[in-house]
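Student: I would like to learn how to read a fold from its details. Can we work through one together?
Tutor: Gladly. Here is the structure.

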Amino acid sequence: MANNSIVLEGELRTEFGKGPARRMRVAKEIPATIYAGGDQPVYVKLPMRETSLALRHTNALFTIKFGADSKLAVVKDVQRNPVKRIIEHIDFYEVKAGEKIEVEVPVFVEGTPKGGAIAVVDAQELKVRADVSNLPERIVVSVEGLQDGDNIFARDLELPEGVELDIADPEESVVTIEIPQEDPADFETAEPADAVPAEDEKDAGAEA
């Protein structure tokens with residue numbers, strides 16, 4: 001097993017459906033399924049607090065223990081209650097130590113461009129391929145000192161060792177530096193309702 005995986009202690013579950021799932025959540029447990037290619041899935045229940053905290057890490061690698069067995073896995077899907085936002089179910093996908101997989105990684109920027117320019121993130125996420133023990137949580141792009149009109153393309157990114165882009169176009173723009181455009185509406189002024197007419201307008205009115 002990978003040394004940097006997050007360990008979750010769970011139990012096998014034998015009850016299925018809305019009723020048992022509801023009872024698990026009341027007991028502060030989360031129903032989960034571990035898929036393994038063409039093999040039979042493994043159904044487990046995991047501690048709610050520890051699992052919820054662990055899921056804050058993007059692309060985390062998990063060692064899920066249940067009884068005398070354990071599985072190395074990554075998150076495939078998380079279902080949350082749309083109102084309460086609590087986790088209702090998790091799908092994991094079993095992986096093997098040393099295996100390379102594809103994951104989506106969020107893009108973040110750091111630094112300050114020159115001259116009042118801002119950084120616009122064109123690609124919110126990028127697909128990469130990496131060893132399961134070295135899955136990046138984020139891709140950080142420095143925009144320090146860049147100026148209006150500059151672009152950072154996918155091919156320009158510095159990725160962690162062992163991580164490679166898995167996208168069709170390396171010329172894809174990831175970040176654009178630009179000066180914010182002022183809204184013309186900000187300069188429009190309405191004529192005051194109690195505007196005073198000019199002197200010649202007054203005289204014309206008096207003669208009529």
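Student: Which residue forms a salt bridge with Glu-94?
Tutor: First, a caution: this is a predicted model. Now the general idea: a salt bridge here needs a Lys or Arg side-chain nitrogen within 4 Å of an Asp or Glu carboxyl oxygen. Glu-94 pairs with Lys-71, and their closest N and O atoms are 3.5 Å apart. Glu-94 sits in strand E6 (residues 87-94) and Lys-71 in strand E5 (residues 69-80), so the pair ties together parts 23 residues apart in sequence.

Student: Is Glu-94 buried or exposed?
Tutor: Buried, with a relative accessible area of 12%. Glu-94 also belongs to a network of salt bridges with Lys-71 and Lys-96.

Student: How many salt bridges does the whole structure have?
Tutor: Five. One of them joins Glu-15 to Arg-23, with the closest N and O atoms 3.8 Å apart. Glu-15 is partly exposed, at 44% relative accessible area. Another links Asp-156 and Arg-155, at 2.9 Å from N to O. Asp-156 is partly exposed at 36%, and Arg-155 is partly exposed at 45%.

Student: Where does Thr-51 lie, and what is it in contact with?
Tutor: Thr-51 lies in helix H2 (residues 48-54). Thr-51 is buried, with a relative accessible area of 0%. Leaving aside neighbours within four places in sequence, Thr-51 is in contact with Leu-8, Ile-30, Leu-46 and Ile-90.

Student: How many helices and strands does the protein have?
Tutor: Three helices and 13 strands. Of contacts with a separation of 6 or more, 62% are between residues 24 or more positions apart. Buried residues make up 32% of the 208 residues.

Student: And what does the surface look like?
Tutor: The protein exposes about 13300 Å², with carbon and sulfur atoms supplying 47% of that area.

Key:
Residues are numbered from 1 along each chain as its sequence is written. This is a predicted model: local features need pLDDT of at least 70, side-chain atom pairs count only at pLDDT 80 or more; totals for chains, interfaces and linings use all residues. Side-chain values use heavy atoms; hydrogens and water are left out. Helices (H or I, at least four residues) and strands (E, at least two) are DSSP runs, numbered from the N terminus. Buried means under 20% relative accessible area, exposed over 50%, partly exposed in between (1.4 Å probe, protein chains only). Contact means heavy atoms within 4.5 Å. Accessible areas come from the Shrake-Rupley method with a 1.4 Å probe; for residues, only the protein chains shown count as cover.
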